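Good morning, colleagues. Please have the structure open as I speak.

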Amino acid sequence: MRFYISATGSKRLAVSGAAAGSDGIGGVWRGMKWKSSAAAVGSRRSHRKFRLLFGLLLPFLFVRTAFLVLESAALCSSSIGCVTSLTWRIFGGSDAALLREELTRALLEATSIDDDDGGGVGIRRAEPSNSEPVSFKDLVKDMTLNGQDIKAFAFKTKAMIAKMEHIVKAAQWHESVYWHLAANGVPKSLHCLSLEMAEEYAVNAAARSQLPSPPYVYRITDSSYHHVVLLTDNILAASVVISSASKASSNPEKLVFHVITDKKTYTSMHAWFAVNKIDSVVVEVKSLHQYDWSHEVNVAVKEMLEIHHQIWNQKYRTMKKEVFEYGKEDDHKLDVLSPGCISLLNHLRIYLPELFPDLDKVLFLDDDIVVQHDLSSLWDLDLNQKVVGAVVDSWCGPDCCPGRKYKDYLNFTDPIISSNFDQDRCGWLYGVNVFDLKRWRKTNITAVYHQWLKHSLNSGFALWHPGALPPALLAFENHVQRIHPTWHLAGLGYRYPRPRIEERMLRAAAVVHFSGPAKPWLEIGSSHVRGVWTRHVNLSNEHIMKCGIMG
């Protein structure tokens, strides 16, 4: 018997064989039927096992899917993202990876919206709201009660941080303002010393004795001596300057100090130096009311002071309206609070040729300095036909002057300033300056100074920041000779001096200058550098002890 199976058309089976009988055919057919029946039974058993396994897995798959759907509804920030992440998690994706992806997407969206608004989160833009969470605990409570998604979490976190930044920066700014206000007060001890010396002047004939004593009067106008000028109403500060300079000098008998003060402080200042004489040093104390100036000079001085008052008032009103984003550099903006900005003694240095008509060269010192090394060679400096010798560069290198560029003093939005000066140019320092008065008298520096004051008046008092230095930068243009930075180390009166003052710089400087609000006679002064100043205070003096002045 032969079998033929057709590969085309309908299924067909042909059986051939002449010798085959009916029994043979039936036996074969029955065998084939039995085998087919056995295969069907096996197939049904296989399907039954699959259905049984599927029936066992289906409840777990359903529960897993339902759980992920509910969880994703709370986590996803978009429907497309939910479908993608749900599929990913059903087939074994990492929950941590999903959460990180969703959180990153939400944070980037929050950040991009903030950037589109035109700035970062800061004290200017953040407006606190009572609806925003103020702590992490409040944030968690808000998220769990309201069932919000990751996107809401990102935006609420951003709002909470912005609110915190607003509170912190506002507090820092207020603290800085209060610190500057504290720096402008007169300590009780200094006020006490002034009253004590005024009383001494009244009751003690020695306190009213002539300064300098008659044998040394000629030195006041003798240009062969080294003349040092101080404009101050601070008795203790003046005594430290003179004491430290005389101790550091290799030839103190050549020093002549000219202390110029106001009328109210004159008797106290005179009494102090009359009863506390320093060996070999000549000290002259003179009050402004003792000068016999011409009418033109008196009018010019009055006009100068009135304009500086107007500049100060304008800046102060503007500052009150502004909201600063706090930073360490903002401390310098508050210098406007200093009374020195409108002090006559502070601005009168522009009239040094009129104050000392008989002298050719003087060394000008601020009253908040300490002399550490001999200054004699300053009088021998070659100023190269310039009028003033001053430190320009900081200790960080040539043309390095952080916080002291022209743009830090002048308003370069005004065309009269921007067209005449370079904003990145370094400004020179007041406080330790050699002035060639003979050459000054041949220039028009003082007249140029008053011209700039009139420009400021006509421009609404907005050409420069309040202070003595900004208009001097303009008036002394092309009249300044650079001297080595080791002569003058400034910035010890700031909380964040720039550049940072190192111990080696402090030791090497010929003069250290407590420029800034934190004067060494104040409690807010830095303890790290106050010792440089207090070592020159005579703590055994009876008036110092009575007024409670301590080092």
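In this predicted model, a search of the whole structure finds 2 cavities of 30 Å³ or more. The largest cavity holds about 60 Å³ of space. Which elements give two or more residues to its lining? They are strand E3 (226–231), strand E4 (255–261) and strand E6 (361–365). Among the lining residues you will find His226, Val228, Leu255, Phe257, Leu363 and Leu365. Ala245, Ser249, Asp374, Leu375, Ser376 and Trp379 also line this cavity. By class, the lining comprises 8 nonpolar, 3 polar and 1 charged residues.

I turn to the second largest cavity, with about 30 Å³ of space. Its lining is formed by His347, Arg349, Ile350, Tyr430, Tyr449, Ala468 and Ala472. These divide into 5 nonpolar, 1 polar and 1 charged.

Finally, the helix pair. Helix H4 (residues 136–146) packs with helix H5 (residues 150–183) at an angle of about 155 degrees, and their axes are 11 Å apart. Angles over 145 degrees count as roughly antiparallel, and H4 and H5 are therefore roughly antiparallel to each other. The crossing of H4 past H5 is right-handed. Which residues make the contact? From H4 they are Phe136, Leu139, Asp142 and Met143, and from H5 they are Phe153, Lys156, Thr157 and Met160. Sorted by class, this contact has 5 nonpolar, 1 polar and 2 charged residues.

Thank you for your attention.

Note on methods
Residues are numbered from 1 along each chain as its sequence is written. This is a predicted model: local features need pLDDT of at least 70, side-chain atom pairs count only at pLDDT 80 or more; totals for chains, interfaces and linings use all residues. Side-chain values use heavy atoms; hydrogens and water are left out. On a 1 Å grid over the protein atoms alone, a cavity is a set of points where a 1.4 Å probe fits but cannot get out, and a pocket is an open set with protein on both sides within 12 Å along at least five of seven lines; lining residues have an atom within 4 Å of a point. Grid points are joined across faces, edges and corners, and a volume is the space filled by probe spheres set on the points. Helices (H or I, at least four residues) and strands (E, at least two) are DSSP runs, numbered from the N terminus. Ala, Val, Leu, Ile, Met, Phe, Trp, Tyr, Cys and Pro count as nonpolar, Asp, Glu, Lys and Arg as charged, and the others, Gly among them, as polar. Axes are lines fitted to C-alpha atoms, for helices over the stretch in contact, and angles run from 0 to 180 degrees between N-to-C directions. Angles under 35 degrees count as roughly parallel, over 145 as roughly antiparallel, 65 to 115 as roughly perpendicular and the rest as oblique. A crossing is left-handed if the near helix is turned anticlockwise from the far one by less than a right angle, and right-handed if clockwise. Contact means heavy atoms within 4.5 Å.
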